[in-house]
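The sequence and structure are shown first.

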Amino acid sequence: MAKRQSDAARDQVPGALATPNDLSSDAVADISTAINGLLADGLALYLKTKNFHWHLSGKHFRDYHLLFDEQAAQIFAMTDPLAERIRKIGSTTLRSIGHVSRLQRVQDNDEEFVTPAAMLSELMNDNKAMARAMRDAHEVCDEHKDVATASLLENFIDETEQRTWFLFEAAQRGNDGQT
């Protein structure tokens, strides 16, 4: 398939941020839009998870405190590979907190107090939504034959499903009837 004029021009601009590659400019735009949305969601979910980690109280404080910290670290660890993947395919990524807020689908939680059960439920639902958004982005990558980004997403989907599972199980009522 011959490159379009805009693709050839992009490959010839010295110093531009548009890294040359074999993806069409439409593919780069579609994929970077999908991945930038995931990146914004990841940063929002990271901060929400840390918020709950910092403001947790109650019977299961230590367990949930450690769980949230571990999950926040895992979420944050996926942000750099996602952002760098966007750059590798020739696009640009998030530049500010304002940019994140314009793209994020994960809702912030600024409440003064959130019960541990509500924290678990909210984070579980956010992770479920994140996995769904990752699958949607994977479809965009498949459409454009971007196997590298799709492969990256496959690992992140698995991690996100594990977080969802752990949050779900932690929220289950034990024999004592308590969460």
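In this predicted model, the largest nonpolar core holds 40 residues, and those touching the most other members are Ile35, Leu38, Phe68, Leu82, Met134 and Leu153. Two or more residues of this core come from each of H2, H3, helix H5 (116-143) and helix H6 (147-171). H2 gives the largest share, eleven residues.

Leaving aside residues up to four places away in sequence, Leu82 touches Ile35, Leu38, Leu39, Leu152, Leu153 and Phe156.

**Helix H2**

Helix H2 spans residues 25-54, 30 residues in total. From its first C-alpha to its last, H2 reaches 43 Å, close to the 44 Å expected at 1.5 Å a residue. Of the 30 residues of H2, 21 are buried, so this helix is largely enclosed by the rest of the structure.

Asp30 also has its place in helix H2. With a relative accessible area of 35%, Asp30 is partly exposed, because this value lies between the 20% limit for buried and the 50% limit for exposed. Apart from residues up to four places away in sequence, Asp30 touches Val140 and His144. Asp30 and Val140 are 110 residues apart along the chain, yet their C-alpha atoms are separated by 7.0 Å.

**Aromatic pairs**

A pair of aromatic rings is described by the distance of the centres and the angle of the planes. Rings count as a pair if their centres lie within 6.5 Å, and by this rule the model has three aromatic pairs. In the pair of Tyr64 and Phe68, the ring centres are 6.3 Å apart and the planes stand at 25°, so the pair is stacked; the cut-off for stacking is under 30 degrees. Both residues lie in helix H3 (residues 61-88), four residues apart, which is about one turn of the helix.

Another aromatic pair, formed by Trp165 and Phe166, is edge-to-face, with 5.1 Å from centre to centre and 75° between the planes. This angle meets the edge-to-face criterion because it is over 60 degrees.

The table lists the accessibility of residues from these pairs.

| Residue | Relative accessible area | Class |
|---|---|---|
| Tyr64 | 6% | buried |
| Phe68 | 0% | buried |
| Phe166 | 31% | partly exposed |

Notes
Residues numbered from 1 in each chain as written. Predicted model: local features only at pLDDT ≥ 70, side-chain atom pairs only at ≥ 80, totals over all residues. Heavy atoms only, no water. Phe/Tyr/Trp six-rings, centres within 6.5 Å; stacked < 30°, edge-to-face > 60°. Buried < 20%, exposed > 50% of the residue type's maximum accessible area, 1.4 Å probe, protein only. Expected span 1.5 Å × (residues − 1). Core = buried A, V, L, I, M, F, W, Y, C linked by side-chain atoms within 4.5 Å. Contact = heavy atoms within 4.5 Å.
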